[in-house]
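Please open the model in a viewer and keep the selection tool at hand.

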Amino acid sequence: MLEITEVGHSSDPDDCMFAFSGGNAVSSLRLPPQEPWRRRELITQLGQPLIEVPIGLWLGKPCYAVEVSPDRLDPIEHVTGNLFSLLGRVSDDVFAAFGRGIQMLSWRRDHQFCGRCSGETQMTDGGRALACKACGHSCYPRLSPCVIVAVTKGEKLLLAAAQGRRAQFYSTLAGFIEPGETAEAAVAREVREEVGIEVENVRYFGSQPWPFPSQLMLGFYADYASGEFSLAADEIEDAGWFGRDEHPPIPPEASIAGQLINEFFRRLP
Ligand SMILES: [Zn+2]
């Protein structure tokens, strides 16, 4: 698995590399599935990376996320796929490394110049920060914390269908935490805004990095307190209370939404 730690610049041929091109993960058909590239193989097959960012240690080896040129991709030698398509298909460890890699690469690409004085930036702090060469202003990777909440009422769970949803399932409610807001307050506000009810007894469940593009999902349970459904028409198409044996299709357990739902139903007597 990936150990997130400071890793400096390296050019060791055994360095591990998670490769991307135009937002898609790039794997080699010559390598065992789920293994990162080694630097020597990557350079031989795909050339020097266009961008390279340290992301930690993979099985003790320095590990990097790299952007490679699409010109070198060969459909016979290489597999490309978007990150979402890997969810649940590769191990959690590999998915986490790809997820961290794509976020660190887009951060590097989007902050080549200082937001304060427009000077050029360079990596500092073992790859954890970008600092402006001119004014010294530092910029760290941006995470967007979100709450995701399973609201319960006795043995039933609130599940909602989002407007314009691509997937045909009902899920828990979720939304971004506002600046200055606690996660617990965000839970109550999101539920009120999306379905019009009040909740109480908000309690933490667990978290999941969700790199689409840079969320950190904080999962909670909350109990129904009061109110009738009043759906936010632009966000929620349908919502209802569902029991263990009578619910619509739900998200896969690879997502924290699926975990929240399944865990609640599993714990019922
Ligand atoms: Zn600057």
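Select Cys117 to begin: this residue is partly exposed, with a relative accessible area of 34%, where buried means under 20%, exposed over 50% and partly exposed in between (1.4 Å probe, protein chains only). Cys135 is also partly exposed, at 38%. The model is predicted, so local features need pLDDT of at least 70 and side-chain atom pairs pLDDT 80 or more, whereas totals for chains, interfaces and linings use all residues. Residues are numbered from 1 along each chain as its sequence is written, and side-chain values use heavy atoms, without hydrogens or water.

Now display the zinc ion. Its protein donors are the SG atoms of Cys114, Cys117, Cys132 and Cys135, at 2.3 to 2.4 Å; donors are N, O and S atoms within 2.8 Å of the metal (3.2 Å for Na, K and Ca), and since water is not among the atoms, sites may look incomplete. The angles subtended by the four donor atoms run from 97 to 116 degrees, so the arrangement is tetrahedral, a term that requires all angles between 85 and 135 degrees for four donors. The donor residues follow the spacing C-x2-C-x14-C-x2-C. Because Cys117 sits in the loop between α3 (92-110) and β8 (121-124) and Cys135 in the loop between β9 (129-132) and β10 (138-139), the pair ties together parts 18 residues apart in sequence. Helices (H or I, at least four residues) and strands (E, at least two) are DSSP runs, numbered from the N terminus.

Next, select Phe212, which is partly exposed at 24% relative accessibility. How are the rings of Phe84 and Phe212 arranged? Their centres lie 5.1 Å apart and their planes meet at 70 degrees, so the pair is edge-to-face. Rings of Phe, Tyr and Trp (its six-membered ring) pair if their centres lie within 6.5 Å; planes under 30 degrees apart count as stacked, over 60 as edge-to-face and the rest as tilted. Phe84 belongs to helix α2 (residues 83-86) and Phe212 to the loop between β14 and β15, 128 residues apart.

Phe95 lies in helix α3, 117 residues from Phe212, and is buried at 10% relative accessibility.

Finally, select Phe18, Phe20, Trp58 and Phe98, which ring pairs link into a cluster. The structure holds 13 aromatic pairs.

Key:
Four donors count as tetrahedral if all angles lie between 85 and 135 degrees; four count as square planar and six as octahedral if opposite donors are over 155 degrees apart and all others between 65 and 115; anything else is irregular.
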